[in-house]
Amino acid sequence: MDLTNIPLFKEIIQQPTIFIYGTEEVLSKDILATVSSLHKKIAHFYNIGLDRQIDDFVAIQDELDIADFNNYNVIACGIDPTSKTFLAKLKTHSKKALVFFESIGFFKHLWEKDNVTIIESSLTAYVKQLASPAKEEETEAATNTPPTQSADFIGRTRELQLHEDFMRNYDTSACKIIGGHGIGKKALLNEITRQYYRQEAHTFVVTFKDKEANANYILNTLYPQFVEKGIELGLSDDDVKNFRLDLNNKDEEAALPKAIEQLFATFDKLTNARIVFYNVEMVLNKPKRGRLFQINNDEIGEFFHLLLQRDGYATNQNKVYFVSTQDFDFDYVDDDDFAQLIDLRPLSVPEAKALAKHSLTQLGAEDKAGQVDGLDDFGFAKTLGGNPQLIQLFARAAARTDAAAIINNEQLGKLSDTRDKVKHLMRQATFDKVETPVMMPLALFRESFSQEWLKEQNLSANPAEAIDYLQKHLLADVDEDKVGFYYIPVHIRRYVNDLLKQEENTLYRELHNRIGETYWTKANQGSLGSAEAYQAALYHFEQAQNYEREKEFIQKAPQRYLQKAVSSYKQAQLEDAFYYFNGVFQHNAQLLDNRNMSSFLKSAVKSGQGNPEDLFAKALEIYSNDMFIRNAYADYLFKNGKLDEAEALSRQSLEINNQDFVSGILFVQVLQKQGKKEEATTELARLEEVLQPHEDLDESGRRNLSQVLNMRFNLLEHYTALEAIQAQAINLLKSDGVNGSQLDSLAKAPIARDDFSKIENATTTVLDHEQADKRAKRTQEAIRRRQNSRTHTQSVIEALEANNTANKPKIEALIKEAEEVVNTAHTILDNWLLIENNNFRALFSRVSVLRHEADLNMLKDAIERSYTEREKPPATHREYLIHLIESGQLPEAIKQFLETVEKTNRYKNLRDEFFPFLIQFNQLKNKLADASQELSETEQKTLTKVGDVLRRILKRYKPDTEDTTNYDELIESSASSTTV
């Protein structure tokens, strides 16, 4: 294999390059022969260690022996990840470096520099992979094989099925994997990788580290991964480094930036590929609403817009994954069209216990695994909450101690935050070299975290020194007191960092509590100045959340607490707001006015603190008719599924004040959820009247009216009603004899020109809107395709004719009902657009109503034509002759037929065709003329046959146009013969 043609090597050897071969990897003769293909492009080959000297390689002791290291690009393999000399050289190295590591682990951050490309694979494995890429047929066969769940992956049947549906859905390219900390998002992705992405060379990862991430960050993260895998993008380092998105370009037809276009095009051409975005919650623009981005508002938003809106992804059905602790919506109508949601839920008790047993077995504690089934299900679920991370930590701790004691631990049971439980269980679990091969000495870890050590530290007197100790011994990269270097595992590092955060740290609370007690004692003794001492004590007790001591302060200055509560609530610090509100509430609830009481209750609901129902009940005892509180309670009941209670409370609220808009809207939402559509519609109409006159409404009133009209339009469901009416009317028309195939063809026939013009204008308005998406464009294309149909609508309608009117009254009633639906829809939309003339949903809904109205107009034309009587044209000579045959006057018919055909050669062939039957008729003619003779049965059949033949021949007989005889009178006056 010629490595000079591999993009990864090709790019770096454009400049003078050296190759360094270290002792951590042994290259076979075959691999060395492959490396030798770089010989013409490499200035020097270096081999570290004299005991493994190789031809053409210069033996060196270490990198310090390379005097001109900084003058070359570097390719290196077999380097120790902790090599001091190489890292020291790399600090001042400004050229490009490509380094292969079989295992770099926690040391990767030491090597990460803009000019260094890290390949987490040995050079041997990388070259072998290039030499034998996976065959497309094998990949396809593997993809089509039904995936099987690995033994190490417990539960998640629902989530795996959702992913299976996602993989089979060719219209959806994105998948959201949502779940809290430790719920198993990465474990699920690992299982998905095992089942569907066996070709790991086509997996690309972007991890968001902060909110400053932009499109440039994404591109610069993906680019080296493509290069590392030997995938040619056709971009230079400068193209990627200098890439920017132009957010001011409003031209939707403009070409994509070159870097983006090349990236997407290359990704789409790969087989079985995916991009995974981790920590998406870091880039949510509006965390409270869960918005990922807003189109044309920020760079990362525009990048994702381009990524998800393109058509090329369908080429090989490659996928994009978004992993987040917080759910979010894409800013599109019909979010489900763009992403499959996989929301990870807690494991069930049987699944959780199965995972615990599996983890204990893996740890070699089979005897402890057998005890898991005997643990109390309720306690097991309450303590561990079905969280896989907690369950695995429980297994580690249970391997060393009694499992039941952990589940029944009172301190652990009181913790509600998953991260607090993780910290508690980590204290009990054993962190040894079996779990993490490189870490700080276990003795130092245990010493630093032992309760005895914490007690020995005089934390109140020397808090700064205690924190410094933790910083030095737990957050340092190396242990200076031991031989060698020890790097702390990331989970321990994060744990300690969390422990040192003021808002989460029990150590800080204890410090503040002790300091507060000191100031409290001195304040009561009258030393240090009582006012300053009391103020300092209050501050520290607040930080320690020593509520019992704070009660004394509340009695002295409740308004101070109330101010803190209001301030915290306005800043969305809900836990703090509840804390301060609750202090005043428990002291004297009457001190909270109705608005503050409502804020208190909302903070309780949103923060999950206290018992909301008890708090609402007590609040309503004080403010029984207050709408803020009543509405907050109704909303709480509604969101918790207590619909009957919410309905009863909302009805009572409207009896107290039927002009209260919020009460009305809540009432409608409850009714909708209960399926009481008619009552909800009536209430919305009443609310619309409450907001009259519309033209005098302020901004708040306009928003309220817009909400009412939106809900009214949704409840109307015009499309369902109109489509059902149309189907019923068409079936009734068919029952009255109207041609069914012609009726059915109208569904795809062009609509009236006036109707089309209205729809076209409405669609153009929608497409000009800033929120317009592909759905709007597809709607316009569908309308135009129908209008360009070759079906001639008017001709089809003209041909419709009913043979009876039995169903006409029913059809007229249906049409009247449909017209009422259309008129109601137009009225709602007119009012809606009157107050919000640029509302996208209203504008788009107008297109839908106009389309259904156009179909209704076409149906009305078809009905009118079907039941219109046709004027019968004058009878012809042919019709007169057929009448003679059918009325038993066959001799007269034959006579006139023969007289006519004798006059012109035009009918000679008809006469010749009839001649054999004329002979049969002549044989019976005399007998037929004699009234005294009767025809036999055989003769009667012959006569009937002659009449049938003549009737068939007359169908091709066309009388002369100049014939002015009134055959209608002849038909009317001719008497039926009684001889035949």
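Biologist: Is Phe600 buried or exposed?

Modeller: Phe600 counts as buried, because its relative accessibility is 0%; buried means under 20% relative accessible area and exposed over 50%, with partly exposed in between (1.4 Å probe, protein chains only). This is a predicted model, where local features need pLDDT of at least 70, side-chain atom pairs count only at pLDDT 80 or more, and totals for chains, interfaces and linings use all residues. Residues are numbered from 1 along each chain as its sequence is written, and side-chain values use heavy atoms, leaving out hydrogens and water.

Biologist: How do I read two packed helices, and at what angle do H29 and H30 cross?

Modeller: Two packed helices are described by the angle and the distance between their axes. Here the axes of H29 (residues 594-607) and H30 (residues 612-622) come within 10 Å and cross at roughly 170 degrees. That makes H29 roughly antiparallel to H30 (angles over 145 degrees count as such). Axes are lines fitted to C-alpha atoms over the stretch in contact, with angles from 0 to 180 degrees between N-to-C directions. Helices are DSSP runs (H or I, at least four residues), numbered from the N terminus.

Biologist: Which residues of H29 meet H30?

Modeller: Met597, Phe600, Leu601, Ala604 and Val605 of H29 meet residues including Leu615 and Phe616 in H30; contact means heavy atoms within 4.5 Å.

Biologist: Which residue does Lys229 lie over?

Modeller: Lys229 lies over the face of Phe204, 5.7 Å from the ring centre; the test is NZ of Lys or CZ of Arg within 6 Å of the centre and within 35 degrees of the ring normal.

Terms used
Angles under 35 degrees count as roughly parallel, over 145 as roughly antiparallel, 65 to 115 as roughly perpendicular and the rest as oblique.
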